[in-house]
Amino acid sequence: MKKEFLEIGKIVSTCGLTGEVRVLPWSDSPDFFMSLSSRYFEEGAQKLTVQKALPQKNVVILKLSGVDTIEAANALRGKVLYMSRADVTLPERTFFVQDLIGLRVIDADDPAVEYGLLSDVSQTGANDVYHLTKNGKTTLIPAIRQVVEETDVEKGIMRCRPRQGLFEDAD
């Protein structure tokens with residue numbers, strides 16, 4: 001079942017003396033983090049009022065209402081920020097990493113052949129790379145249309161057509 005609230009970043013430090021915090025966004029870019037209309041603590045239980053948000057290299061500087069001192073900002077260090085899934089419409093064939101983790105990866109032509117569970121996603125620049133784990137062994141596959149035929153988050157499966165040599169037992 002999909003979570004309504006997804007982790008989007010973590011407060012890693014303070015910035016200045018008036019309560020600003022540095023957030024390390026867990027998204028493709030700080031721009032995505034900046035585009036969100038709402039952010040939350042405690043898996044959506046506490047909605048935050050953001051007074052100011054500024055991208056700075058690979059972090060975002062946030063000024064939250066009610067956080068007006070360095071001591072108050074320091075108390076937030078380590079807290080995870082969340083977003084509501086309802087606030088974002090993803091393009092076709094684009095998924096939240098949190099929804100992909102745990103998918104069963106099977107062969108597109110023979111569903112009886114299972115390549116493993118999707119255990120992680122690496123961002124390489126050119127394309128993402130999926131980490132598949134089976135029997136303690138991890139195999140990396142490129143997240144490209146030529147390999148990944150279908151992703152069905154609702155059914156918990158991903159169908160792929162591996163290239164020759166990707167798996168020892170693949171044709």
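In this predicted model, glutamate 114 and arginine 104 form a side-chain salt bridge with an N to O distance of 3.0 Å. Glutamate 114 belongs to strand E9 (residues 114–123) and arginine 104 to strand E8, so the pair ties together parts that are 10 residues apart in sequence. Both partners are partly exposed: glutamate 114 has a relative accessible area of 28%, and arginine 104 has one of 34%.

**Arginine 85 and aspartate 99**

- A salt bridge joins the side chains of arginine 85 and aspartate 99, at 2.8 Å from N to O.
- This pair links distant parts of the chain, 14 residues apart: arginine 85 sits in the loop between strand E7 (80–84) and helix H3 (97–100), and aspartate 99 is in helix H3 itself.
- Arginine 85 counts as buried because its relative accessible area is 18%, which is under the 20% limit.
- Aspartate 99 is likewise buried, with a relative accessible area of 12%.

- Aspartate 109 and arginine 161 form a salt bridge in which the closest N and O atoms are 2.4 Å apart.
- The two residues lie 52 residues apart and link distant parts of the chain, with aspartate 109 in the loop between E8 and E9 and arginine 161 in the segment after strand E13 (157–160).
- Aspartate 109 is exposed, at a relative accessible area of 55%, whereas arginine 161 is partly exposed, at 33%.
- Through salt bridges that share partners, Asp109, Glu149 and Arg161 are joined into one network.

- Side chains of opposite charge can pair when their charged atoms come close.
- Aspartate 107 is buried but has no salt bridge, and the nearest side chain of opposite charge, that of arginine 161, is 6.1 Å away.
- That separation does not qualify because a salt bridge requires the nitrogen to be within 4 Å of a carboxyl oxygen.
- The side chain of aspartate 107 does make a polar contact of 2.4 Å with the side chain of tyrosine 115.
- In the chain, aspartate 107 is placed in strand E8 (residues 104–107).
- Leaving aside residues up to four places away in sequence, aspartate 107 touches Val113, Tyr115, Cys160 and Pro162.

**Nonpolar surface patch**

- Val12, Leu24 and Trp26 make a nonpolar surface patch of about 240 Å².
- Leucine 24, one of these residues, is located in strand E2 (residues 20–25).

**Overall architecture**

- The protein contains 3 helices and 13 strands.
- Along the principal axes, the C-alpha atoms fill a box of roughly 60 × 30 × 25 Å.
- Of the 171 residues in the protein, 38% are buried.
- Considering contacts between residues at least 6 apart in sequence, 52% join residues at least 24 apart.
- The accessible surface is about 10000 Å², and carbon and sulfur atoms account for 48% of that area.

Notes: Residues numbered from 1 in each chain as written. Predicted model: local features only at pLDDT ≥ 70, side-chain atom pairs only at ≥ 80, totals over all residues. Heavy atoms only, no water. Patch = residues over 30% accessible without salt bridge, like charges linked within 9 Å, V, L, I, M, F, W, Y side chains within 5 Å. Areas by Shrake-Rupley, 256 points an atom, 1.4 Å probe, with all protein chains shown as cover. Helix = DSSP H or I, 4+ residues; strand = E, 2+ residues; numbered from the N terminus. Buried < 20%, exposed > 50% of the residue type's maximum accessible area, 1.4 Å probe, protein only. Lys, Arg positive; Asp, Glu negative; His and termini not counted. Polar contact = N/O pair within 3.5 Å; in protein donor to acceptor, adjacent residues only side chain to side chain. Contact = heavy atoms within 4.5 Å.
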